[in-house]
Amino acid sequence: MTVNSIMRCDVVTVSPDAALIDIRERLQEGGNHMLVVEEGALRGVISDRDVLKAISPFLDAYNEKHHDMEALSRSASEIMQGDPITVAPNTSIEEASQTLLDNRASSLPVVDEGDLLGIVTGKDMLEYYVSEEV
């Protein structure tokens, strides 16, 4: 079985200059990963964990300071994981799983000849392996 059979095609994308405040809002609407795309080319990946690291823990708290709010203006290019590891749609699920483990990644964009087709996550792979056991 290949990645093509389990990948998600409804990828959330953002430009490199998108502000963290907008990224946070879009991730809260659903999903744990956002792909940074510029002129049709994949530039990076932002996970919900990247956003949490970039946001001050004092945001929306009683002791919030001005610089806590300023962090929300940081751009996607400042917080993304650049040069993302990708897989082709015909990559086996086993190989993609090993790639995730070897690189301590939580997602892999699926790219074919430079075209972004989708994303496959560790959760997608777990769901596949669990369904195979039934």
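## Strand 5 and strand 6

P109 stands opposite I119 in strand 6. This comes from a predicted model. Strand 5 covers residues 107–112, and strand 6 covers residues 115–121. The two run antiparallel, joined by six bridges.

Together, strand 5 and strand 6 make a hairpin. Two residues lie between the strands. In the turn, E113 has a positive phi of about 50°.

## T99 in helix 5

Helix 5 spans residues 93–103, and T99 is found in this helix. Is T99 buried or exposed? The relative accessible area of T99 is 18%. Buried means under 20%, so T99 counts as buried.

Which residues does T99 contact, once its neighbours within four places in sequence are left aside? They are I85 and L108.

Four strands form an open sheet in the order 1-2-3-4. The pairing is mixed. Strand 1 (13–14) and strand 4 (81–82) are the edge strands, and each pairs on one side only. Strands of a sheet pair through backbone hydrogen bonds, either parallel or antiparallel.

Strand 3 takes in residues 41–47. Two bridges link strand 3 to strand 4, in the antiparallel sense. V45 stands opposite Q81 of strand 4. Helix 1 packs on the sheet, where it touches strand 1, strand 2 and strand 3. The direction of helix 1 makes about 135° with that of strand 2.

## Nonpolar cores

In soluble globular proteins, nonpolar side chains tend to be buried together. Here the largest nonpolar core has 15 residues. Within this core, V14, L20, I23, I46, V51 and I79 have the most contacts. Four elements each supply at least two of the core residues: helix 1 (20–28), strand 2 (33–38), helix 2 (48–54) and helix 4 (76–79). Which of the elements gives the most to this core? Helix 1 does, with three residues.

I23 shows how the parts meet. Leaving aside neighbours within four places in sequence, I23 is in contact with V14, A18, M34, I46, V51, A76 and I79.

Note on methods:
Residues are numbered from 1 along each chain as its sequence is written. This is a predicted model: local features need pLDDT of at least 70, side-chain atom pairs count only at pLDDT 80 or more; totals for chains, interfaces and linings use all residues. Side-chain values use heavy atoms; hydrogens and water are left out. Buried means under 20% relative accessible area, exposed over 50%, partly exposed in between (1.4 Å probe, protein chains only). Contact means heavy atoms within 4.5 Å. Two strands pair if DSSP finds at least two bridges between them. A nonpolar core is a set of buried Ala, Val, Leu, Ile, Met, Phe, Trp, Tyr and Cys residues joined through side-chain atoms within 4.5 Å. Axes are lines fitted to C-alpha atoms, for helices over the stretch in contact, and angles run from 0 to 180 degrees between N-to-C directions.
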